[in-house]
Amino acid sequence: MRECRLLNNNWKFTYGDQVTATSKEIASWQDIGIPHSFGIPYFMEKEFYVGYGTYSTWISLAEEDCKKRLRLEFLGVFQKARVYLNGEKVGEHRGGYTPFLVELTNVARPGKNHLIVSVDNLWDARLAPRAGEHQFNGGIYRDVQLILTEFCGIDEYGVFVQTTKLERENEDPNGWNATVKIETQVFDQRPDIGEYQNNGLSQMQEPLFLETCILDGETVLAKEISRINMKTEGEIDSEKKDRNSTLSLNSKIITQQISLSGIQPWSPNSPKLYTVVSRVSYNGILVDCVRTKFGIRTVRFDKDNGFFLNGEHFAILGANVHQDHAGWADAVTRSGIRRDIQMIKECGMNTIRGSHYPHHPYFAQVCDEKGILFWSEMCFWGTGGDKRDGFWVASAYPPKKEDQKDFEKSCLDQLEEMVRSQRSHPSIICWSMCNEVFFTDAPVKDKAKELIRKMVERSHELDPSRPAAVGGAQRDGFDVLGDLAGYNGDGAALYHDPGFPSLVSEYGSSIETRPGKFEPRFTDGTEIDYPWRSGKILWCGFHHGSIFDGMGSMGMIDYYRLPLACWYWYREHLAGKSAPKPKKEGTPFQIRLSSDVNRFHANGQEDAWICAELLDQEGNPISNEIELTFTVEKGDGIFPTGKTITFSPEKKNMLDGLAAIEFRSWYGGENVICATADGVKSAKICIFADGEPKPKNTVLNPMLPPPYTVGEPKPKERYDEAKRHPVFADSFEIGHEPYFVTAEEEGSWMPKMSDSSKHLSEQMHWVMVDLEGVRRINQLEVSFEDEPDTLEKSKKNLPQTIVAELRSDLEWEKVILKRKKENQKGNDCKECYQAEGIYFTRYFRIDWNQTKLPVAQIHLWTGGEENE
């Protein structure tokens, strides 16, 4: 029978590629547990370690274990892994966000087996993602387990449940009828199978049978049994083989259609789950059993009327979520994932977009349980900035021909791994192919589009029950490539009733620290809920690490999982729970220390979230910001920084009188944590970790920070940071949209003229470029439409200077741009305004009188300086 053994504990780690290290050398490595990140401790820095890391552990196997099929399952390794068992290479994987399996059957032996995993997070021109605004710390950052099965049974991720029919019979919550289609991939590697293919199955071996039961709790709703006739490779249905590339010799997909009555559909308001129990047997002997949770529901995106769940209109409102947590980087526990999803649910939202890569399979499981719709996305990703190979600011699609074939394969492979491992989750409403791939070099943009078309087609083959979305599709015609378009940034303002299903996949990106503003951030075209728009998704749910200044601080919840006022706005208006009154400064007297749990399993899947609150003498919370330290006084648990961690206002992690962090252990026992600050009464808390205690007289080698870190390389050539970034304006004429001022194609922005006149009025209007993060700029330039007749008539009215406004955080700063009469390098217009200097800004805005010329281009140049 099937057995799964978690392997998160008792690992050794060192930086570098050390697969040939001796036992003595390995003994000196760091003692760590899984999940683990190269970057620990990591606190939203732009720089992170890029290189190799090597992991080592021992797997103990009995004689009976080695008579079974043995596979290792990795749920996520960023981003390339080579796996060795007992000195022999047994597998490798390319791709940082999807699960993969490694076969150990023919190499494992009774007793202790030495496992070595070499991991690197080197930027790879042929591997998605080539670009992105996140952090790309490497490591085995999701769970690892050993799977033991017989030599026949059900493949991993081999059960796919989908709803093909759903009808309401009456108004009772359970008054629905449904048909579910269940596809089960069965393998048979028993010896001698090839000898009896043409002589009758029963002559050499007993045939396999698949029994499928659908349960509601312990109640059996339906049962179906199928006899399995395995085929040789030549007899495998070619259509089936194309549809599922993992289908191999002695593997077959069994399809069953089961009708159900009196059921309750899954929805965010009532996340009802059922269970499929799949059993494989021969000669009456049960050899494998897999339980699959699923929900019965239908989804439909309509071009005129938005999103429909179970045939009823449903308004999507949610948040984008990255996967990293304070200190621990992307090595997040299942407890941390559950807390994140609960916070989105608690504030009244109903949807999460998994930006911008496949998340931990457990993420979708919790969305199923809590009733959160989930937009699952691939890691084909682009970002603004200098397009150079070598770092995650490159062209989303490779410009070099020699890289293109392998890159496309990596996208298609990771798409398949994402879909296969998560396709039975009812919370997942679409598969997204990409995010903002229009940040691709112009010569290969058509190839990027063709790749997306291939991915859409492949998505339909793997899962015909869900639409294939194109995320971040607000430029260059990418929005028409899939079944559903997601518009980011200025997309909501630009696209009014595009004529096909769409939603706003990002809105409201505001850089804030706690406590923040009490507002929903409905801006830039999201203020009105149009009937044709399926919904809107906030950028973003949580602060996160980013390679760009400021870009990670846009969450409604901070990196330490403490809410900003924005989160409280949503909770008050959507969930009906009043926001707390703003705190005031007082005289610090004592610390209140709390934890979300008083015990957790010491297995890398669970942890505790610890929060310190500053109080005055009467016990009232106050907003003072002081230096505060957590210390583990007893026990083997740790913070990401070890046995102590210090919070301070300078680090922006002791704000508004609050500090918090996640605490975990890979050893059982009691842990006592103390919170102290100068001149303030301290506090203690006890948390118990369930698990095997640390062996006596064992001295652990502590986790060490990376030996070095690297960041985004400085551009050697002058580069326009504004190019293809979002542009906002107070209005625009059709055909003169704001995005033209940062686009590569010809065009210009023109404010909307009054209905009574075709002449521009005297009213002041504005246009603004959003770099989406704080960038270093050394030249500002605004130019105008190159139409000689119009230009000549307007020259006499043009001022010698114009005023621009820059903003990196909260305050606007005025800058004077001077008129240049001569044609400028890099600008084909005859009239432009420029200013030179060193500016750190996210926004660039000008107010413009309509009697002047339409704005053709805004360039925000960076790089190209000597000695930079």
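The model is a predicted one, in which local features need pLDDT of at least 70 and side-chain atom pairs count only at pLDDT 80 or more, whereas totals for chains, interfaces and linings use all residues. Residues are numbered from 1 along each chain as its sequence is written, and side-chain values use heavy atoms, with hydrogens and water left out.

Rings of Phe, Tyr and Trp (its six-membered ring) were taken to pair if their centres lie within 6.5 Å, with planes under 30 degrees apart counted as stacked, over 60 as edge-to-face and the rest as tilted. By this rule there are 42 aromatic pairs. One of them joins Y15 and F38 in an edge-to-face arrangement, at 6.4 Å centre to centre and with 65° between the planes. This pair links distant parts of the chain, since Y15 belongs to strand 2 (residues 11-15) and F38 to the loop between strand 3 (30-32) and strand 4 (52-61), 23 residues apart; strands here are DSSP runs (E, at least two residues), numbered from the N terminus.

The ring centres of F78 and F136 are 6.0 Å apart and their planes meet at 35°, so this pair is tilted. Both F78 and F136 are buried, and the two belong to one aromatic cluster together with F48, Y97, Y357, W381, F391 and W392.

Conventions: Helix = DSSP H or I, 4+ residues; strand = E, 2+ residues; numbered from the N terminus. Buried < 20%, exposed > 50% of the residue type's maximum accessible area, 1.4 Å probe, protein only.
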